[in-house]
Amino acid sequence: MAHMEFFVVSEDLSVDQQTNRVSLFNVLEQIAGPNFPLVLPSAAAISLWVAEAGDEGRDFQCMLRIILPNARQHDFTSNFRFGARRHRVIQRLQGFPIDEPGVLRFEVLLNGEHKASHEVDVSRIDASDLPPTAETG
Amino acid sequence: MALVELDSDEIAQIVFTVATPNGICAILRARSDIAEIRRHLFDNAGDARRAIEDYVRERLIDLKPKTYFPHEPAFCALAVVLETLPMPAAEDFLSELSALKIAEMPISSRVAALCLQRRRELLISNTLAEFKVGPIPMPDASSPKRLDRPPRIPTETTYPDIFKAAA
């Protein structure tokens, strides 16, 4: 079965349409906020898969599993077939709510088999610790 | 290097003397001018589609029925240039040329098919999926069903009335 080269979760990413190059923006490591639940406005998980013999034409299911600090989990699945020997799966999330501080865990599974994880620390900070906003008027 | 370099006599000689598409691909891949043109297209990716389309259109004018297409060697070389370029214009050209089955261009379509096959082995394909997670249900302050706070009981004023006190 296909094997994985890497799995990373960032705030955003882009694939250059002319060169097919990937750029990641702000890899997620820590999230902090004064109030919970807080909303993760955007997250993009990318995994790169390399086909092995016999994988041509096979249907694969790539599942992004998010395990919240309160142990609730959410699954997001994408199916793909290898159009080339190497295949990227990019899964974007918008407006994901996080209920409480703790460890936010992103997992990737291929055909139900766990392959990799990415952990993000979620912490609470006082509103006074936040950087001051620009004054108006 | 511009695409017109592909019209060289040297490239034409290779295509005419080497009989098989595999052989043509192997020799053209090893040439430095092919690599330089590929690099030029990659570095100028924004203009690459227009450059490729203009180059092809200008030469297709010479495609005449029942006559060998004179620019076929250049098209073979262009297919090899584009085989590892990860841009949609390259994919379009190779797909269309490999699907072409006409007697006037007997070799270039087979060269393009080989380039397309190698391209599939080398380049990375993508699957993109977007998930919109629903908004968090926020408590509505104006809702009469709100039970987390006891109802307010009307009471007397608890602050001193300074005007009444003064009187």
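## The model

This is a predicted model: local features need pLDDT of at least 70, side-chain atom pairs count only at pLDDT 80 or more, and totals for chains, interfaces and linings use all residues. Residues are numbered from 1 along each chain as its sequence is written, while chains are lettered from A and ligands numbered from 1 in the order in which they are written.

## Chain B in outline

Chain B has eight helices and one strand. Helices (H or I, at least four residues) and strands (E, at least two) are DSSP runs, numbered from the N terminus. The order from the N terminus is α-α-α-α-α-α-α-β-α.

Chain B has 167 residues, and 26% of them count as buried. A residue is buried if 20 or more other C-beta atoms lie within 10 Å of its own, exposed if 12 or fewer, and partly exposed in between; C-beta atoms are placed from the backbone. Among contacts in chain B with a separation of 6 or more, 69% link residues 24 or more positions apart. Two residues are in contact if their C-beta atoms, placed from the backbone, lie within 7 Å.

B:M1 sits in the segment before α1 (9–17) of chain B. B:M1 has 16 other C-beta atoms within 10 Å, so B:M1 is partly exposed.

Which residues does B:M1 touch, not counting residues up to four places away in sequence? They are B:D33, B:E36, B:I37 and B:H40. B:M1 and B:D33 are 32 residues apart in sequence, yet their C-alpha atoms are 7.9 Å apart in space.

Helix α6 of chain B covers residues 88–99. Its 12 residues should span 16 Å at 1.5 Å a residue, and its end C-alpha atoms are 17 Å apart, which agrees. The expected span is 1.5 Å times one less than the number of residues. Buried in α6(B) are B:A90, B:F93, B:L94 and B:L97. They cover an arc of only 95 degrees around the axis, so they lie on the same side of α6(B). The arc is that of the directions from the helix axis to the C-beta atoms. B:E96 and B:A99 are exposed on the other side. The cover over the buried residues of α6(B) includes α4, α5 (72–82) and α7 of chain B.

In α2(B), the buried residues are B:P21, B:I24, B:C25 and B:L28. Down the axis of α2(B), its buried residues fall within an arc of 100 degrees, so they line one face of the helix. Their cover includes α1, α3, α5 and α7 of chain B.

## The cores

The largest nonpolar core holds 33 residues. A nonpolar core is a set of buried Ala, Val, Leu, Ile, Met, Phe, Trp, Tyr and Cys residues joined through C-beta atoms within 7 Å. B:C76, B:A77, B:A79, B:V80, B:L82, B:L94 and B:C115 touch the most other members. Helices α1, α2 (21–29), α3 (32–43), α4, α5, α6 and α7 of chain B each supply at least two residues of this core. The largest share is that of α5(B), with nine residues.

Leaving aside neighbours within four places in sequence, B:A77 is in contact with B:L6, B:I11, B:L28 and B:I34. Another core, of 27 residues, lies apart from the largest one; among its members are A:L13, A:I46, A:V89 and A:I98.

## Strands of chain A

Strands β8 (residues 102–110) and β9 of chain A pair in the antiparallel sense over nine bridges. Two strands pair if DSSP finds at least two bridges between them. A:L110 has A:E113 as its bridge partner in β9(A). These two strands form a hairpin with two residues between them, and A:N111 in the turn has a positive phi of about 50 degrees.

Strand β3 (residues 30–33) of chain A runs parallel to β9 (residues 113–124) of chain A, with four bridges joining them. A:I31 has A:V122 as its bridge partner in β9(A).

## Where the chains meet

How many residues of chain B are in contact with chain A? There are 22, and they meet 25 residues of chain A. On chain B's side, α4 (45–60), α7 (108–122) and β1 (124–132) each supply at least two residues. β1(B) gives the most, with nine residues. The residues of this side divide into 14 nonpolar, four polar and four charged. Ala, Val, Leu, Ile, Met, Phe, Trp, Tyr, Cys and Pro count as nonpolar, Asp, Glu, Lys and Arg as charged, and the others, Gly among them, as polar.

A strand pairing also links the chains. Strand β7 (residues 86–98) of chain A and β1(B) pair in the parallel sense over nine bridges. A:R86 stands opposite B:I124 in β1(B).
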